[in-house]
Amino acid sequence: MALSNKERLLIEDNLNAEYLCIRKYQQYAAMAQDQKLKQVFTDLAAKEQKHADTLKGMLAGSNINDQNIFGTYNSPQGDFSNVSQNLGFTDAQLLNDALSTEKHVSSSYNNAVLESADTNIRKQLQHIQKEEQDHAETLFSEMQSKGWYKMS
Ligand SMILES: [Fe+2]
Ligand SMILES: [Fe+2]
């Protein structure tokens with residue numbers, strides 16, 4: 001089934017958000033001081049890549065060429081893999097920003113789910129949305145374990 005224009009636009013928006021998440025988490029893995037947190041960000045980057053691949057598959061399945069959107073400038077020029085300084089961001093700030101990103105992305109998927117007319121597409125989007133909520137839970141647990149999330 002061909003995607004409606006609305007479905008397509010929402011999928012492309014989410015794909016852009018995934019590309020940003022991948023880049024952000026790769027960079028945060030390099031910037032974080034804590035070794036476990038580096039691994040958390042590395043794992044998240046890989047998971048976001050799978051989401052991007054799923055969304056690209058949806059577009060490809062409708063013969064939509066996504067090469068003109070944000071994937072093409074996903075990677076920075078030069079080698080940013082060994083950023084050893086944290087550029088003034090604390091681990092708490094990295095976690096806080098990542099959690100807020102996941103909240104935003106999850107609600108963006110919520111829109112896409114509600115606007116999706118195709119059952120198969122909707123199920124895939126629901127699955128991704130649940131995983132974004134899992135990412136938020138992972139980040140929340142990290143914050144809580146370090147005493148950085150005030151519950152009251
Ligand atoms: Fe994602
Ligand atoms: Fe995520």
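Predicted model: local features only at pLDDT ≥ 70, side-chain atom pairs only at ≥ 80, totals over all residues.
**Exercise 1.** State how many helices and strands the chain has, and the pattern they follow.

*Solution.* Count the elements: there are four helices and zero strands. Then read along the sequence: the pattern is α-α-α-α.

**Exercise 2.** Work out how α2 and α4 are oriented to each other, and which residues make the contact.

*Solution.* Start with the angle: α2 and α4 (residues 119-145) pack at about 170°. Their axes are 11 Å apart. Angles over 145 degrees count as roughly antiparallel, so α2 and α4 are roughly antiparallel to each other. Next, list the contact. From α2 come Leu 37, Val 40, Leu 44, Lys 47, His 51, Thr 54 and Met 58. From α4 come Ile 121, Gln 124, Ile 128, Glu 131, His 135, Thr 138 and Glu 142. Finally, sort by class: six residues are nonpolar, five polar and three charged.

**Exercise 3.** Find the buried residues of α2 and what covers them.

*Solution.* The buried residues are Leu 37, Val 40, Phe 41, Leu 44, Glu 48, His 51, Ala 52, Leu 55 and Met 58. Their cover includes α1 (5-31), α3 (91-115) and α4. For the whole chain of 152 residues, 30% count as buried.

Definitions and conventions: Residues numbered from 1 in each chain as written. Chains lettered and ligands numbered in written order. Axes fitted to C-alpha atoms, helices over the stretch in contact; angles between N-to-C directions. Helix = DSSP H or I, 4+ residues; strand = E, 2+ residues; numbered from the N terminus. Parallel < 35°, antiparallel > 145°, perpendicular 65-115°, else oblique. Contact = placed C-beta atoms within 7 Å. Nonpolar A, V, L, I, M, F, W, Y, C, P; charged D, E, K, R; others polar. Buried ≥ 20, exposed ≤ 12 C-beta atoms within 10 Å, placed from the backbone.
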